[in-house]
Amino acid sequence: MTPFELLEPRSLREAAGLLAAAETRPVAGGTAVMLMMKMGVLRPARLVSLRAVEQRYSGITAGTDGGLHIGALATLSALERSNAVTSHAPVITRALKTLSNVRVRNVATVGGHLAHADPHLDLPPVLIALGASVTIVNPAGERTVPLDQLYAGYLETTLARNELIAEVIVPAQAGRRAAYLKCTTRSADDWPALGVAVVLDADGGMVRSARIVISAATDTPTRLAKAEAALRSARVDDAVLRRAGDAAADEAAVISDQHGSAAYKRELLRVYVVRAVRQCLANP
């Protein structure tokens, strides 16, 4: 690892301003950045630590409307243990149980997890399916965008050099049901070959609307509009589920990687969309 200067600003906006300098990277939990530095993938001259910025960016609260406000510096373990999250979006709690391991979750932060933009990450598809948005801070102010607009490509985001994620906002779910399934080729907490998040507005087996988002099989978390359309205004039965699975497999721009070939992942997608919808209907 090459030597670097460590900067410790006291505010998130100050930290964003420091990032404008060349060869400068932010670091929060450091679970990705430090590994990439050890591998020689990153060689920053300066690291901007976010540990000393305002404590409010580490908080997790539920709004009076039933939505969630998750500070970007909250750890994944804090998210997993949060009663507010369990009450308002239990699918997040369930997803975290197989996200890496407890040692990583104790250190990794929500904002860093999202900004890393590795398509194999578990939370982006879940949060996108829940309709989440992110508030982004820069030296001049802030902006809020839907989470799905954060991702530009493999390990790429739409964040400017001097921007940082400040908060994740999850809207009230109003009785919607949600599920997240991942298929791994090794242990249950490994990187997935496929992740599928489903959120349904349903009355019994009758689906009014659906949001289906996949990860790992594509370069970025991807909504599957045709699969959603196959479920919309339909009473779920085997035929409807088969159409949704086929639509998902047909429309996704699936990629090959060390976790499986594109053909393998396409068949996984066909099966796992069906499983995720079934589980969704059984979950709160």
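In this predicted model, the buried residues of helix H11 are Ala262, Lys265, Leu268, Leu269, Tyr272, Val273, Val274, Ala276, Val277 and Cys280. The elements that cover these buried residues include strand S11 (177–184), strand S12 (192–203), strand S13 (206–215), helix H9 (225–231) and helix H10. Helix H11 itself is made of 21 residues, and the span from its first C-alpha to its last is 30 Å, close to the 30 Å expected at 1.5 Å a residue.

**The pairing of H10 and H11**

Two packed helices are described by the angle between their axes and the distance between the axes. For helix H10 (residues 238–251) and helix H11 (residues 262–282), the axes come within 8 Å of each other and cross at roughly 140°. H10 is therefore oblique to H11, since only angles over 145 degrees count as roughly antiparallel. The crossing in which H10 passes H11 is right-handed.

On the H10 side, the contact is formed by Asp238, Leu241, Ala244, Gly245, Asp246, Ala248, Ala249 and Asp250. Their partners in H11 are Arg266, Leu269, Arg270, Val273, Val274, Val277 and Arg278. Sorted by class, this contact of H10 with H11 holds eight nonpolar, one polar and six charged residues. Leu269, Val273, Val274 and Val277 meet H10 and also belong to the buried residues of H11.

**Two residues with positive phi**

Most residues other than glycine have a negative phi. Glu23 and Leu155 each have a positive value, although neither is a glycine. Both are placed in loops, as the table sets out.

| Residue | Phi | Loop between | Relative accessibility |
|---|---|---|---|
| Leu155 | about 60° | strand S8 (151–153) and strand S9 (156–157) | 39% |

Leu155, at 39%, counts as partly exposed.

Ser133 lies in strand S6 (residues 133–138). Its relative accessibility is 17%, so Ser133 counts as buried; the cut-off for buried is under 20%.

Key:
Residues are numbered from 1 along each chain as its sequence is written. This is a predicted model: local features need pLDDT of at least 70, side-chain atom pairs count only at pLDDT 80 or more; totals for chains, interfaces and linings use all residues. Side-chain values use heavy atoms; hydrogens and water are left out. Axes are lines fitted to C-alpha atoms, for helices over the stretch in contact, and angles run from 0 to 180 degrees between N-to-C directions. Helices (H or I, at least four residues) and strands (E, at least two) are DSSP runs, numbered from the N terminus. Angles under 35 degrees count as roughly parallel, over 145 as roughly antiparallel, 65 to 115 as roughly perpendicular and the rest as oblique. A crossing is left-handed if the near helix is turned anticlockwise from the far one by less than a right angle, and right-handed if clockwise. Contact means heavy atoms within 4.5 Å. Ala, Val, Leu, Ile, Met, Phe, Trp, Tyr, Cys and Pro count as nonpolar, Asp, Glu, Lys and Arg as charged, and the others, Gly among them, as polar. The expected span of a helix is 1.5 Å times one less than its number of residues. Buried means under 20% relative accessible area, exposed over 50%, partly exposed in between (1.4 Å probe, protein chains only).
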